[in-house]
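Hi,

Here is the structure I promised to pass on to you. Have it open while you read, and I'll walk you through what turned up.

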2 protein chains.
Amino acid sequence: MASVQDISVSASINLLSALAFLLAFAFLRLQPFNDRVYFPKWYLKGIRASPRSSGPSVRKFVNLDFRTYLKFWNWMPAALRMPEPELIDHAGLDSAVYIRIYLLGLKIFVPIAILAFAVLVPVNWTGKTLDNIKDLTYSDIDKLSISNVPSGSKRFWAHIVMAYVFTFWTCYILYKEYKIVSTKRLHFLASVNRRPDQYSVLVRNVPPDPDESVSEHVEHFFCVNHPDHYLTHQIVYNANKLAKLVEEKKSLQNWYTYYQTRYERNPKNRPQTKTGFWGLWGKTVDAINYYADEIEKISEEEAAEREKVMSDPKAIMPAAFVSFKSRWGAAVCAQTQQTSNPTLWLTEWAPEPRDVYWDNLAIPFVELNVRRLLMAVALFFLTFFFMIPIAFVQSIASIDGIEKVLPFLKPLIEAKGIKSIIQGFLPGIALKIFLILLPTILMIMSKIEGFTSLSYLDRRSASKYHLFILVNVFFGSIITGAAFQQLHKFANQAPSEIPKTVGVAIPMKATFFITYIMVDGWAGIAAEILRLLPLVMFHLKNTFLVKTEQDREQAMDPGSINFSTSEPRIQLYFLLGLVYAPVTPILLPFIIVFFAFAFMVFRHQIINVYDQKYESGARFWPDVHRRVIIGLIISQVLLMGLLSTRDAPKATPLILVLPVLTIWFHRFCKGRFESAFVKFPLQDAMVKDTLERATEPNLNLRAYLQDAYIHPVFKGIEFERPPAIDEEENNPLVSTKRNSRKSSKTGSIASPDAGV
Amino acid sequence: MASVQDISVSASINLLSALAFLLAFAFLRLQPFNDRVYFPKWYLKGIRASPRSSGPSVRKFVNLDFRTYLKFWNWMPAALRMPEPELIDHAGLDSAVYIRIYLLGLKIFVPIAILAFAVLVPVNWTGKTLDNIKDLTYSDIDKLSISNVPSGSKRFWAHIVMAYVFTFWTCYILYKEYKIVSTKRLHFLASVNRRPDQYSVLVRNVPPDPDESVSEHVEHFFCVNHPDHYLTHQIVYNANKLAKLVEEKKSLQNWYTYYQTRYERNPKNRPQTKTGFWGLWGKTVDAINYYADEIEKISEEEAAEREKVMSDPKAIMPAAFVSFKSRWGAAVCAQTQQTSNPTLWLTEWAPEPRDVYWDNLAIPFVELNVRRLLMAVALFFLTFFFMIPIAFVQSIASIDGIEKVLPFLKPLIEAKGIKSIIQGFLPGIALKIFLILLPTILMIMSKIEGFTSLSYLDRRSASKYHLFILVNVFFGSIITGAAFQQLHKFANQAPSEIPKTVGVAIPMKATFFITYIMVDGWAGIAAEILRLLPLVMFHLKNTFLVKTEQDREQAMDPGSINFSTSEPRIQLYFLLGLVYAPVTPILLPFIIVFFAFAFMVFRHQIINVYDQKYESGARFWPDVHRRVIIGLIISQVLLMGLLSTRDAPKATPLILVLPVLTIWFHRFCKGRFESAFVKFPLQDAMVKDTLERATEPNLNLRAYLQDAYIHPVFKGIEFERPPAIDEEENNPLVSTKRNSRKSSKTGSIASPDAGV
């Protein structure tokens with residue numbers, strides 16, 4: 001068990017490293033040659049242009065004005081100064097709402113911490129159980145925790161009452177925040193400029209038709225079934241291979257530029273490369289010629305593929321983006337079922353064009369179901385059997401573990417300073433390394449599941465990651481740390497025993513999680529603002545690839561909030577805060593520092609750095625809400641388990657009320673707010689439509705929507721469109737080409753397409 | 001443990017009683033004076049008129065034609081003769097699909113029984129474990145069950161393979177049946193005649209408006225937001241009190257008629273009554289005058305209330321039935337969200353007029369949520385604490401129990417014949433009595449939950465009842481019967497122990513459930529066809545109340561399928577069949593007999609007797625499907641538990657695959673079929689609309705829909721309608737009365753109503 005001293009060593013190490021990161025950041029950001037690393041957002045907005053200051057050329061690279069160094073903390077107030085409406089305008093609603101998650105943390109935990117310190121800490125401190133126990137070494141931190149209260153004491157009433165207060169406060173804040181965010185979203189959707197996705201619907205699983213092409217079939221179907229509203233549509237080409245070729249070509253071109261730059265700088269030495277993988281083996285050839293040849297080859301291939309995609313009917317996917325004359329028409333089509341077979345003509349609100357994940361647009365219904373089954377099974381195994389390596393590493397990463405495995409290190413480890421370092425640092429690091437490996441796998445799994453927009457993929461990956469963190473980081477650390485052997489017993493324990501086992505281990509694990517918060521939270525966030533990797537990458541690219549101002553623009557890597565990994569991580573802090581609030585309140589200040597610091601850093605980042613890949617309009621908030629609720633319920637169940645082992649018999653039924661109320665609260669909020677994030681209400685659509693008709697009566701919507709949903713690789717290329725479309729539109733109930741079959745069908749005047 | 005002899009005694013008792021019921025039925029139905037009890041459906045259809053045969057007056061009451069008695073089994077083939085399309089036409093889709101549940105049972109269990117008898121019975125019979133155990137008395141039935149296979153035997157492979165086969169077969173049949181039913185439903189909806197609910201949407205939670213009445217507010221809202229489709233609407237009056245008065249008046253009138261009839265038959269003796277409750281105490285008065293006075297009083301009260309409801313604006317509920325010009329418009333409105341606040345202007349597809357449950361149309365969102373929370377908690381307590389009385393009664397209702405409680409009965413009970421009777425009969429009866437009490441409570445709970453249609457109430461009650469049967473009848477019988485003391489242990493057992501405990505008890509309970517099937521299934525169904533209660537009630541009414549042919553029409557009580565109680569009961573048979581198929585296959589023939597017999601009886605009943613209160617178009621099938629799936633999963637888990645106690649180590653992972661696949665299959669079916677039962681596809685709506693426009697171009701839809709949704713107590717009374725409605729319709733964007741506020745609102749041209 002780590003003592004207060006261990007904690008303070010760990011705290012100072014982490015504080016020092018965080019401080020070092022911040023100082024490095026303060027210094028580096030003032031150098032003009034780093035300007036594009038630390039302020040890319042402003043460049044992309046066209047507000048800044050390099051170099052920042054004119055004057056002697058050295059000033060272009062190094063900041064010699066020492067007065068600016070004295071004000072190097074300025075970024076912090078500057079980050080907080082921008083008001084939220086402006087922030088939404090500047091960075092989008094997704095980003096603005098994302099940092100509200102940190103604010104939510106502060107709103108929940110600051111009052112809870114004050115209450116806990118005012119009530120629970122004195123109650124625990126004067127409990128004096130641990131003073132009487134001599135055989136176990138408890139640290140001072142444990143004296144502030146619930147462990148110090150004797151079994152069967154009346155003092156537990158304080159904890160029960162506080163559990164109620166904490167639950168109600170958390171729910172109250174969650175409710176208010178859900179309300180604020182949904183209002184912001186509706187306001188955002190109402191005030192936002194015309195966007196193609198407002199008029200468009202993504203149609204998938206268009207049934208094959210022997211007589212008509214996909215395009216004609218879509219056209220006829222919507223002309224018949226949405227006669228007053230259908231405007232136009234865009235078919236989806238299977239350009240996955242083409243996109244890959246384009247990607248490859250870009251990489252080859254980068255290498256070509258790199259070698260050419262090298263050659264120009266050193267004309268004596270013509271660069272060479274090997275033809276094998278990554279230039280590591282194979283025949284040695286002249287690099288510039290080799291890459292020039294390769295580029296030519298791939299260009300031809302690309303042109304052929306492009307030709308093939310655009311002419312081959314098989315390259316057209318059974319999906320389309322259908323656009324309507326009004327937002328009302330699109331809202332109606334997106335929310336209704338089209339045919340009696342619910343696996344065909346599936347309509348959903350189209351994502352933003354840049355948000356579309358093109359690879360997944362054409363997966364048939366049955367295949368989709370099989371994929372999801374397989375991924376669910378895979379997620380189960382990944383989540384529950386990944387636990388074993390973590391437990392193994394952690395058992396080594398304790399003083400006793402290391403001494404057992406590597407006995408010759410014993411004298412070194414036992415040295416006082418080093419012991420503290422190892423004990424404070426190692427378990428956190430081991431966990432962190434595991435977590436870095438994971439997000440990519442989870443994103444691939446989400447892609448296999450077949451979701452059609454990047455924002456949806458992010459949300460699904462976040463769900464998976466959250467499950468993983470919950471099982472492996474939270475429960476995994478508590479149980480394996482205490483005793484890895486418990487795992488098997490665990491599966492064979494009574495449902496009422498599990499909360500007890502975990503609940504009892506909770507107070508013992510407080511110091512571990514305090515260390516974890518400092519490593520992952522404090523130092524991790526400070527590293528985030530330093531942007532070490534983009535810094536290095538930018539200067540490498542700037543040196544070898546950049547020739548024109550446009551190249552430099554491309555060399556910038558503003559990055560974006562990685563919702564799929566960072567949101568589940570925040571949720572771990574919510575969970576820890578809620579679990580430890582009634583048990584070991586001393587943990588709360590660490591969490592509050594994390595939330596405050598992260599709020600500031602990410603506010604700075606979204607103002608100055610990040611460039612979001614898409615704008616979903618805070619579509620993720622229901623997930624955030626749900627996960628905080630999950631954390632709340634876990635905290636209640638564990639407190640119940642803990643108290644039931646402490647001879648507090650009335651505690652179980654009393655606390656059992658809380659999860660029931662919390663689940664009900666969640667359902668209530670779901671009914672009250674969730675649809676704002678899923679559906680587009682007709683009234684709002686009608687208001688916007690009417691307004692638009694009044695202000696822009698001559699708007700040519702067709703021209704506006706014509707090329708909105710084109711696969712990025714086709715951007716800038718003209719398509720030939722069949723002229724038939726315009727004629728048919730004025731006469732929706734046209735006869736199709738299927739005259740032969742039409743005579744055999746009686747009774748269906750409406751549409752021969754109808755028979756699916 | 002009951003022996004084969006006990007079973008056969010019980011079987012013969014039940015067979016005899018079933019036979020007696022059938023004979024009584026065969027005799028009674030041939031008597032002309034019972035004609036209206038056994039053939040009410042045909043009277044309601046207007047095909048039959050009493051008396052059936054003309055001739056001598058005795059023939060009107062007693063059937064003297066002995067040849068007909070010889071053919072008294074004729075009803076059975078007659079019941080099976082009517083083809084299904086005709087049946088749907090005759091009795092409605094609900095009824096036709098309801099008896100398909102029995103057919104589903106036959107389709108699932110006949111092949112399973114054949115397989116089980118061909119494979120499992122020989123495997124079990126030759127297991128020969130029980131022959132070696134002398135200290136426990138096992139019956140011959142147990143020799144056919146899995147109990148007879150020695151632990152760790154390779155024979156368990158047969159059971160595992162059969163579990164797979166049974167699962168796949170059940171899923172296959174379920175899939176086929178879901179497909180058939182959903183096709184039938186779509187066909188039914190497509191071919192059905194014009195019905196008001198096709199054009200109408202139920203709007204609830206209309207927000208209050210200070211300047212406009214509910215009617216005006218609804219009018220304006222839909223004129224603005226569905227300008228091309230809105231036709232008319234009907235407001236909902238709070239006529240609950242009025243309906244109660246009408247009901248009371250009817251009862252008083254019945255008493256008045258009864259006493260008058262008595263007086264007419266016996267003019268010397270003027271009947272008297274007491275004014276107190278049920279005429280049991282209070283002042284003695286002249287009955288005819290008393291009831292005449294009472295009727296007059298209540299008539300006045302009714303008139304006053306009627307006046308009040310129709311003039312008082314507070315009697316108008318914040319709900320309305322909105323009708324559209326086309327089915328397309330109604331389908332769109334029902335499936336979309338209207339405003340940004342999802343708790344206001346809630347739209348749903350309107351139920352049939354006769355299906356509306358008027359009392360629940362005006363419950364606000366928050367109250368609805370609180371009610372559902374309370375009812376969920378109540379259901380939990382009802383389900384789990386109702387168990388105790390059952391266990392108590394059952395423990396008495398065993399030979400040992402009776403002997404212990406009433407030792408002086410011992411010599412009587414030990415008499416051989418009586419012992420068999422008690423053992424075979426009592427436990428089933430005890431259970432049955434409990435079950436009779438319950439449905440009414442559950443229906444009241446569903447009504448409190450606030451559902452708006454009778455069909456929905458039935459479905460919700462069925463869900464509750466199913467849970468109850470599952471916990472109390474199925475698990476309750478297995479666990480308490482084996483050992484009531486296990487209950488508490490149970491809550492503290494490991495999740496992996498619970499299936500073991502239950503699984504082990506399963507084979508021991510086979511004889512109990514066989515008895516239960518015979519009592520509840522065989523004799524119960526035979527009693528159903530006899531209709532003893534309606535028979536008595538009809539003759540009582542016929543004697544005392546009937547004066548005109550119309551009265552006689554009203555005295556008929558055709559009844560209807562009580563979905564909320566009978567469907568969950570069928571599900572118990574599915575569950576028993578699936579659980580016992582791999583364990584004690586001898587139970588299967590009893591279930592098959594039940595399904596076949598019930599199929600025939602109910603087919604007869606829906607053809608000749610039942611008159612459904614509403615037609616939901618087989619809206620209940622997803623529930624039926626889900627519950628069979630639940631039964632399947634329970635059977636798999638219990639088999640897993642059972643095998644894991646028998647040293648069949650590979651069984652657990654092998655069988656664990658089955659529930660995963662079954663759940664996935666359920667989700668697949670849900671995605672594939674469920675929407676056919678929830679949504680109305682736009683294509684189908686458009687087809688019907690187009691057809692109608694072509695065939696009936698001059699249809700006056702407004703007149704057709706005008707009074708469709710009027711509270712039954714107002715039927716036949718003319719409403720005055722504000723003439724303003726028609727004017728406004730031609731100019732949807734009219735200015736409202738709120739001129740004062742309008743000037744302060746800028747930017748919203750669309751509608752001042754919009755701001756909710």
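This is a predicted model: local features need pLDDT of at least 70, side-chain atom pairs count only at pLDDT 80 or more; totals for chains, interfaces and linings use all residues.

Let's start with one residue in chain B: with a relative accessibility of 7%, B:L22 falls under the 20% cut-off, so this leucine counts as buried. You'll find B:L22 in helix α1, which covers residues 4-28 of chain B.

Is B:S215 buried or exposed? Its relative accessibility is 17%, so B:S215 counts as buried. Which residues does B:S215 touch, if we leave out those up to four places away in sequence? They are B:H233 and B:I235. B:H233 comes 18 residues away from B:S215 along the chain, with 8.0 Å between the two C-alpha atoms.

Now for chain A as a whole. There are 33 helices and six strands in chain A. Of the 756 residues in chain A, 53% are buried. If you take the contacts in chain A between residues at least 6 apart in sequence, 82% of them join residues at least 24 apart.

Next, some helix pairs. Two packed helices are described by the angle between their axes and the distance between the axes, and that is how I'll go through them.

The first stop is helix α27 of chain A, residues 588-608. α27(A) has 21 residues and spans 30 Å from its first C-alpha to its last, close to the 30 Å expected at 1.5 Å a residue. Why can we call α27(A) largely enclosed by the rest of the structure? Because 18 of its 21 residues are buried.

One partner of α27(A) is helix α26 of chain A, residues 563-580: the two axes come within 10 Å and cross at roughly 155°. That angle makes α26(A) roughly antiparallel to α27(A). The crossing of α26(A) past α27(A) is left-handed. If you'd like to see who meets whom, α26(A) brings A:I570, A:Y573, A:F574, A:L576 and A:G577, while α27(A) brings A:L588, A:I591, A:F594 and A:F595. By class, this contact between α26(A) and α27(A) is made of eight nonpolar residues and one polar residue, with no charged ones.

Another pair in chain A is helix α14 (residues 327-335) with helix α30 (residues 682-695), whose axes lie 8 Å apart at an angle of about 155°. So α14(A) and α30(A) are also roughly antiparallel to each other. From α14(A), the residues in the contact are A:R327, A:W328, A:A331 and A:V332, and they meet A:L682, A:A685, A:M686, A:K688, A:D689 and A:E692 of α30(A). What classes do the residues of this contact between α14(A) and α30(A) belong to? Six are nonpolar and four are charged, with no polar ones.

Back in chain B, have a look at helix α7 (residues 93-125) and α28(B). Their axes come within 11 Å and cross at roughly 20°. That makes α7(B) roughly parallel to α28(B). Here α7(B) passes α28(B) in a right-handed crossing. B:V97, B:R100, B:I101 and B:L104 in α7(B) meet B:W621, B:V624 and B:V628 in α28(B). This contact of α7(B) with α28(B) has six nonpolar residues and one charged residue, and no polar ones.

Most residues other than glycine have a negative phi. Where does A:W345 sit? You'll see A:W345 in the loop between α14 and β6 (346-349) of chain A. This tryptophan is not a glycine, but A:W345 has a positive phi of about 50°. With a relative accessibility of 1%, A:W345 counts as buried.

B:A618 is another non-glycine residue with a positive phi, near 60°. The loop that holds B:A618 runs between α27 (588-608) and α28 (621-644) of chain B. B:A618 has 0% relative accessibility, so it counts as buried.

Cheers

Methods
Residues are numbered from 1 along each chain as its sequence is written. Chains are lettered from A and ligands numbered from 1 in the order in which they are written. Side-chain values use heavy atoms; hydrogens and water are left out. Helices (H or I, at least four residues) and strands (E, at least two) are DSSP runs, numbered from the N terminus. The expected span of a helix is 1.5 Å times one less than its number of residues. Buried means under 20% relative accessible area, exposed over 50%, partly exposed in between (1.4 Å probe, protein chains only). Axes are lines fitted to C-alpha atoms, for helices over the stretch in contact, and angles run from 0 to 180 degrees between N-to-C directions. Angles under 35 degrees count as roughly parallel, over 145 as roughly antiparallel, 65 to 115 as roughly perpendicular and the rest as oblique. A crossing is left-handed if the near helix is turned anticlockwise from the far one by less than a right angle, and right-handed if clockwise. Contact means heavy atoms within 4.5 Å. Ala, Val, Leu, Ile, Met, Phe, Trp, Tyr, Cys and Pro count as nonpolar, Asp, Glu, Lys and Arg as charged, and the others, Gly among them, as polar.
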